[in-house]
Amino acid sequence: MNIRIKESGKIEELNIIDPKTRLDYSIDFIGNTGAFSDSSFSYDVESGEYTCNQNTFNWWDSVCKVHGYFNNVIYLLRTSLNDDLAGRIISEIQEEIRSVDLDFYSMKTAKKMIFKTLKDYGYAVEYFKDGNMKLITMKSISDECWQQAANLLKGLDDFENNIFDGEELNEMDKKARKRFTQINKILKGL
């Protein structure tokens with residue numbers, strides 16, 4: 001969905017891509033919230049363009065990214081787990097999502113929510129630089145690595161700036177380093 005920013009005239013893009021169909025449904029998502037009728041956006045019939053101010057765009061961009069992230073995790077669960085287990089986990093995630101007002105959506109909150117829910121079932125999401133995700137079992141990661149990760153997580157506000165450094169990794173054996181690298185990928189995603 002292309003949006004013209006009122007202040008700059010620049011065209012920006014809002015989108016939420018369905019992971020299964022690969023179709024963008026951002027117009028439906030935003031429209032279902034009432035944002036097109038509450039004057040957050042205006043639509044020019046002649047040009048076929050939506051317009052909004054920069055603050056509105058920034059807010060919706062964040063909401064769309066978080067919603068897209070939730071959809072990708074749910075799709076990952078549906079394609080990686082049996083229907084019963086995926087259904088139970090997805091139900092818990094959806095309940096958590098419903099408990100958060102759109103005004104408080106943030107990627108950090110979303111990833112922490114997913115991390116906590118999946119951890120209860122013995123799973124985690126491993127994040128890759130290209131944006132892909134992989135569901136892994138926590139059993140594949142040693143207790144020592146998880147304990148170190150848990151110690152790191154206690155009381156930290158900014159996970160991305162507090163990931164373990166190379167010196168700490170060099171102290172571990174090769175297998176533990178591999179698992180610890182996985183934990184770093186998980187934590188960097190938070």
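**Close-up views of a predicted model**

**View 1. The side chain of E7 reaches the backbone nitrogen of Q54 at 2.9 Å.** This counts as a polar contact (a pair of N or O atoms within 3.5 Å; within protein, one must be able to donate a hydrogen and the other to accept it, and residues adjacent in sequence count only if both atoms are side-chain atoms). The model is predicted, so local features need pLDDT of at least 70 and side-chain atom pairs count only at pLDDT 80 or more, while totals for chains, interfaces and linings use all residues. Residues are numbered from 1 along each chain as its sequence is written, and side-chain values use heavy atoms, with hydrogens and water left out. Look for E7 in the loop between strand 1 (2–5) and strand 2 (11–13). Helices (H or I, at least four residues) and strands (E, at least two) are DSSP runs, numbered from the N terminus. Leaving aside neighbours within four places in sequence, E7 is in contact (heavy atoms within 4.5 Å) with C52, N53 and Q54. The C-alpha atoms of E7 and C52 are separated by 8.7 Å, although the two residues are 45 apart along the chain.

View 2. The cut-offs are under 20% relative accessible area for buried and over 50% for exposed, with partly exposed in between (1.4 Å probe, protein chains only). T56 lies in helix 2 and touches S40 and F41, not counting residues up to four places away in sequence.

**View 3. Helix 2 (residues 54–80) packs against helix 3 (residues 83–98).** Their axes come within 9 Å and cross at roughly 165 degrees, which makes helix 2 roughly antiparallel to helix 3. Axes are lines fitted to C-alpha atoms, for helices over the stretch in contact, and angles run from 0 to 180 degrees between N-to-C directions. Angles under 35 degrees count as roughly parallel, over 145 as roughly antiparallel, 65 to 115 as roughly perpendicular and the rest as oblique. On the helix 2 side you will find F70, V73, I74, L77 and R78, which meet A86, I89, I90, I93, Q94 and I97 in helix 3. These contact residues divide into nine nonpolar, one polar and one charged. Here Ala, Val, Leu, Ile, Met, Phe, Trp, Tyr, Cys and Pro count as nonpolar, Asp, Glu, Lys and Arg as charged, and the others, Gly among them, as polar.

**View 4. Helix 2 also meets helix 4 (residues 107–120).** The axes of helix 2 and helix 4 come within 9 Å and cross at roughly 20 degrees, so the two helices are roughly parallel to each other. Helix 2 contributes K65, V66, Y69, F70, V73 and L77, and helix 4 contributes M107, A110, K111, M113, I114 and L118. The residues of this contact comprise 10 nonpolar, no polar and two charged.

**View 5. Helix 3 and helix 4 pack with their axes 10 Å apart.** The angle between helix 3 and helix 4 is about 145 degrees. Their contact is made by I89, E92, I93, E96 and I97 of helix 3 and M113, I114, T117 and L118 of helix 4. Six of these residues are nonpolar, one is polar and two are charged.

**View 6. The whole protein has seven helices and six strands.** Buried residues make up 39% of its 190 residues.
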